[in-house]
Amino acid sequence: MEIKHLVKENSLLSRYVSEMRNIQIQKDSLRFRRNIERVGEIMAYEISKTFDYKTEEIRTPLGCCSCSLPGEQVVIGTILRAGLPFHQGFLSYLDDAENAFVSAYRKYKDRLNFDIFIEYIASPDLTGKTLILADPMLATGGSMELAFRALLTKGQPRHIHLTSIIASQQAIDYLESIYPQSNITLWVADIDPELDEHSYIVPGLGDAGDLAYGEKL
């Protein structure tokens, strides 16, 4: 599995990530959601550089020209609910993409221990397509792993792009250990060094779902 750590190269992406982390700015849920979308848009652009392209002749009002157009069949898969604005960012750039959705949640056994459950999946056939699986926060890697396994019941993609805004180093190490395949790429905006006792990313940004859509019971 190849790792792409995007903030290592300075760009506007760094500003959007810093605003999502900022405890004052993130109180504006509209701005928080829009920044998640922006990161999705930037990642969609970066991922598009890896696509196969074909040349087509395009007629203009004054003649013809050759244009390179992506030839990939893309499916954007998202882990609910924090993944929704992230998904929209990808979809804003990948106009013809199909869409898949998976629910994954933590069910706590006690204050510190939990299992991850998948309850819902909706997906087109993934056979031979390019799958982009979007989850803004990659803490342990468990939700991404289970969602990926669930989606593979809908067919085997040709290439898989796992995408996250902030990942822990632990999650990256875990996913590298279970997905050595060369057709899997992990794209992260930034990488944080550790998890706390509740398996939240430190320094992280908090609960992305709550910041985007409000607190839950």
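Arginine 31 touches Glu19 and Ile25, not counting residues up to four places away in sequence. The model is a predicted one.

**Arginine 31**
- Arginine 31 is part of helix α2, which spans residues 29-48.
- Its relative accessible area is 34%, so arginine 31 counts as partly exposed, the class between under 20% and over 50%.
- From arginine 31 to glutamine 156 the separation is 125 residues in sequence and 36 Å in space, C-alpha to C-alpha.

**Helix α1**
- Helix α1 covers residues 12-21, and Leu13, Tyr16, Val17, Glu19 and Met20 in it are buried.
- Viewed down the axis of α1, these buried residues fall within an arc of 160 degrees, so they line one face of the helix.
- An α-helix has 3.6 residues a turn, so residues three or four places apart point the same way.
- The packing partners of the buried α1 residues are α2 (29-48), β9 (159-168) and β10 (184-192).
- Glu19, one of the buried residues of α1, is also a contact of arginine 31.

- Strand β7 runs over residues 130-134, and five of its five residues are buried, so the strand is largely enclosed by the rest of the structure.
- Thr130, Ile132 and Ala134 point one way from β7, while Leu131 and Leu133 point the other way.
- Both of these sets are buried.
- In a regular strand the side chains alternate between the two faces of the sheet.
- β7 is joined to strand β4 (residues 74-80) by five bridges, and the two strands run parallel.
- Within that pairing, valine 75 has leucine 131 of β7 as its bridge partner.
- β7 is also joined to β9 by five bridges, again with the strands parallel.
- Here the bridge partner of alanine 134 is threonine 163 in β9.

- β10 pairs with β9 in the parallel sense over eight bridges, and histidine 161 stands opposite threonine 185 of β10.
- β10 also pairs with strand β1 (residues 2-5), in the parallel sense and over four bridges.
- In that pairing the bridge partner of histidine 5 is valine 188 in β10.
- A right-handed β-α-β unit is made by β9, helix α5 (residues 169-178) and β10.

**Nonpolar cores**
- The largest nonpolar core has 34 residues, of which Val39, Phe90 and Ile165 touch the most other members.
- At least two residues of this core come from each of α1, α2, β4, α3 (83-93), β7, β9, β10 and α6 (208-213).
- α2 supplies the largest share of this core, with six residues.
- A second, separate core holds 24 residues, including Ile79, Phe148, Ala167 and Val188.
- Val188 is also the partner of histidine 5 in the bridge to β10.
- In soluble globular proteins, nonpolar side chains tend to be buried together.

**Contacts of phenylalanine 90**
- Leaving aside neighbours within four places in sequence, phenylalanine 90 is in contact with Gly40, Glu41, Met43, Ala44 and Ile47, among others.
- Further contacts of phenylalanine 90 are Ile76, Ile132, Ala134 and Thr163.
- Ile132 and Ala134 point one way from β7 together with Thr130.
- Threonine 163 of β9 is the bridge partner of alanine 134, and phenylalanine 90 touches both of these residues.

Notes: Residues numbered from 1 in each chain as written. Predicted model: local features only at pLDDT ≥ 70, side-chain atom pairs only at ≥ 80, totals over all residues. Heavy atoms only, no water. Buried < 20%, exposed > 50% of the residue type's maximum accessible area, 1.4 Å probe, protein only. Arc of directions from axis to C-beta. Contact = heavy atoms within 4.5 Å. Pairing = 2+ DSSP bridges. Right-handed = clockwise from strand over helix to strand, strands pointing away. Core = buried A, V, L, I, M, F, W, Y, C linked by side-chain atoms within 4.5 Å.
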